There are 2 protein chains.
Amino acid sequence: MKEYEKTKLNRVKRGQNRAIYDVEKINTILDAGFLCYVGYIYDGKPITIPMAYARRDDKIYIHGSTANRMLLSILKSEETSITVMHLDGLVLARSGLHHSVNYRSATLFGSLKKIEKDSDKSQILGWIVNQMMPNHWGSLRPMHQKELDRTLVVEFTIETASAKIRDVGVNDEPEDYSLPIWAGVVPIKQVAEYPVSDEKLIEGVSIPEHVLAYYQQNK
Amino acid sequence: MKEYEKTKLNRVKRGQNRAIYDVEKINTILDAGFLCYVGYIYDGKPITIPMAYARRDDKIYIHGSTANRMLLSILKSEETSITVMHLDGLVLARSGLHHSVNYRSATLFGSLKKIEKDSDKSQILGWIVNQMMPNHWGSLRPMHQKELDRTLVVEFTIETASAKIRDVGVNDEPEDYSLPIWAGVVPIKQVAEYPVSDEKLIEGVSIPEHVLAYYQQNK
């Protein structure tokens, strides 16, 4: 089992029994989504922006327009963290204090690098699209050179990370179990609805198999 | 229409046509969720953590244990931002470049204050629970004094904010509309599954009406 080293930065302080440093488990959390929250410092202020990403090995890739001042600030700031969270349930206890949520979350710390080579950029953009919709990139028209030129692709190398998972039921105070108060978990899920085709599709083009498969797996 | 003043901090630079500064519209985005991403600076590094919140007027309330070093760091850091985002769809275009998501997001900047008075703390904790599950607080046992004592309640006053909403279909390059490539939107929704009662409920306690109503409205 490969683990991230516990440092001052990534050591989980609250709820240590839920702390995870295992690389594979953290990767599983990262691979279950495609939206991350990137934290950076702008003008001395902490800012968080949601961005699409792809993971490959210990790298997270994000992208944006070369005119995206936010992404340029992220590159310049050097200090960046990335957070990914999946909400799995509302935990409703007998007392307010023990209310909680079930979730899987990961926080990553690392360093950033701009990807320069066009062939690398194009491959990574394919990974980002496929992380959102598996097997999708191959069905699209190839990128034009001018599109690649105006796209900034940034590689974040995970240097340290931690994750937390809560996936259990209600934990109430021992004396509260005798109260006539309901407690339980409301499971929460992110689902896909049936794909809505663009009105301007040319005749004969139907929803591809891989998009239908995504819907079936996520409905 | 009351608007947040556009400053260097909150002015939306990319996709200005989607920028929103209207207070009511931003409040609607905030009231549609209960999980926010709080950005703060720890040891010179930007960190983002997901937290439950409640909104009242121009205030966002968050809470945690008094032993929660993270929340103490947030209070101490003075600079904080809060991001809320709802994912509404995957926008699959004919070209990679025009892939996007439909979403509603808000970013808030403001100042923090610790709530000192017990009666205020208790009321605010009720708001936080009710933001997650409407009408729920009244069904719980009242908080014990020792629970209030070890709970830190923090008030964030929104000083400036901006939001972005994307809720339209695919926007492709004009010449790409003739390609035999599928394009469309896959709507994404967060849903609740049927509540799972705690195994240790005493006899005769059933799922409350307001929890069933939440399930019906979110299933």
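A residue is called buried when its relative accessible area is under 20%. In this predicted model, Cys36(B) has a relative accessibility of 0% and therefore counts as buried. Cys36(A) is likewise buried, with a relative accessible area of 0%.

These cysteines lead to the matter of disulfides. A disulfide is a covalent bond between the sulfur atoms of two cysteines. Over all chains, a search of the whole structure finds zero disulfides. For Cys36(A), the closest cysteine sulfur belongs to Cys36(B) and lies 17 Å away, which is too far for a bond; a disulfide requires the two sulfur atoms to be within 2.5 Å.

The arrangement of the two chains comes next.

Helix α5 of chain B, residues 209–218, has the buried residues His210(B), Val211(B), Tyr214(B) and Tyr215(B). Seen down the axis of α5(B), these buried residues fall within an arc of 145 degrees, and so they line one face of the helix. The face turned away from that buried side carries the exposed residues Glu209(B) and Gln217(B). The buried residues of α5(B) pack against elements of both chains: β6 (80–92) and β9 (184–192) of chain A, and α3 (118–132) and β9 (184–192) of chain B.

How values were computed. Residues are numbered from 1 along each chain as its sequence is written. Chains are lettered from A and ligands numbered from 1 in the order in which they are written. This is a predicted model: local features need pLDDT of at least 70, side-chain atom pairs count only at pLDDT 80 or more; totals for chains, interfaces and linings use all residues. Side-chain values use heavy atoms; hydrogens and water are left out. Buried means under 20% relative accessible area, exposed over 50%, partly exposed in between (1.4 Å probe, protein chains only). Helices (H or I, at least four residues) and strands (E, at least two) are DSSP runs, numbered from the N terminus. The arc is that of the directions from the helix axis to the C-beta atoms. Contact means heavy atoms within 4.5 Å.
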